[in-house]
Amino acid sequence: EEQLEWFAKPSFPVAEVKHIIQSKWTVREQQEPIIRYALDYSQTKQKFINLQTGKGKSFCTMKTVQELNKRAVVIIKPMFIEKWVEDLSRTYEINEGDIVTVQGLKQLMQIQHLALAGQLNAKYIVISNKTMQMWIKDYETLGNDLLDLGFTCLPEDLFECLGADVRIIDEVHMDFHLNFRLDLYTNVDKAISLSATLVNADPFLVRMYEI
């Protein structure tokens with residue numbers, strides 16, 4: 001570490017939004033300490049929620065985001081996008097435009113331009129992790145010339161561009177190498193990762209999980 005030069009990037013403005021959970025949903029007693037843990041960013045910006053399937057990982061995350069009242073970005077495998085949109089719509093009071101999905105580089109570029117123009121009103125942005133993978137690969141090939149393709153920011157500035165305060169990764173054990181790389185490119189104030197099965201027999205992967 002003594003050979004590295006460290007820079008602390010200042011915080012950036014984020015969108016204040018009102019997340020309202022439907023009255024039919026209440027926090028279970030066993031979920032309360034998990035939500036308190038998720039809201040405590042005094043020690044680390046990275047939180048991991050590990051619960052059995054059906055015990056409320058997504059709900060604990062959505063309750064945490066409600067307490068923060070900031071715009072959130074979910075980065076997940078394409079196969080889970082529809083499920084997350086359904087869960088968000090079923091849990092929150094949702095109006096048209098509150099949830100935006102991004103699949104493909106064209107849509108990623110479009111949402112950046114909306115944000116730059118001050119026309120991005122979404123409370124939740126759900127992005128395919130494969131889209132992020134393609135974008136990062138292009139950046140690692142082109143460097144700053146990536147902007148010449150029409151993007152308004154580089155990967156490490158995406159959350160500032162979108163005015164988002166929270167990054168959520170569900171099923172973080174899947175595509176773990178990609179999710180680890182996303183950490184290296186994500187400059188965001190708060191991050192929450194979810195999984196019911198963050199276990200592996202490979203000692204190297206276990207070490208990476210712990211990091």
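**View 1. Asn-69, a loop residue between helix 2 and strand 2.** In this predicted model, Asn-69 sits in the loop that links those two elements. Setting aside neighbours within four places in sequence, Asn-69 is in contact with Ala-15, Glu-16, Val-17, Lys-18 and His-19. Look for the polar pairing here: a polar atom of the Asn-69 side chain lies 3.3 Å from the backbone nitrogen of His-19. For a sense of scale, the C-alpha atoms of Asn-69 and Glu-156 are separated by 23 Å, and the two residues are 87 apart along the chain.

**View 2. Positive phi at Asn-69 and at Glu-171.** Most residues other than glycine have a negative phi. Asn-69 has a positive one, near 55°. Glu-171 also has a positive value, with phi near 50°. As for where to find Glu-171, head for the loop between strand 5 (166-169) and helix 7.

**View 3. The largest pocket and its lining of 20 residues.** The space in this pocket comes to about 460 Å³. Gly-56, Lys-57, Ser-58, Phe-59 and Asp-87 are the lining residues that lie nearest the centre. Helix 2 (57-68) and helix 3 (81-91) are the elements that each give two or more residues to the lining. Sorted by class, the lining has eight charged, seven polar and five nonpolar residues.

**View 4. The largest nonpolar core, with 29 residues.** Nonpolar side chains tend to be buried together in soluble globular proteins. In this core, Ile-125, Leu-158 and Leu-162 touch the most other members. Helix 5 is the top contributor, giving four.

**View 5. Leu-162 and the residues it touches.** Here we zoom in on one of the core members that touch the most others. Not counting residues up to four places away in sequence, Leu-162 touches Arg-71, Val-73, Ile-111, Ala-115, Leu-120 and Ile-125. Ile-125 is itself another of the core members with the most such partners.

**View 6. A second, separate core.** This one holds 27 residues, among them Ile-21, Ala-38, Ile-99 and Leu-194.

Key
Residues numbered from 1 in each chain as written. Predicted model: local features only at pLDDT ≥ 70, side-chain atom pairs only at ≥ 80, totals over all residues. Heavy atoms only, no water. 1 Å grid on protein atoms, 1.4 Å probe; cavity = no way out; pocket = protein on both sides within 12 Å on 5 of 7 lines; lining within 4 Å. Points joined across faces, edges and corners; volume = space filled by probe spheres on them. Nonpolar A, V, L, I, M, F, W, Y, C, P; charged D, E, K, R; others polar. Core = buried A, V, L, I, M, F, W, Y, C linked by side-chain atoms within 4.5 Å. Buried < 20%, exposed > 50% of the residue type's maximum accessible area, 1.4 Å probe, protein only. Contact = heavy atoms within 4.5 Å. Polar contact = N/O pair within 3.5 Å; in protein donor to acceptor, adjacent residues only side chain to side chain.
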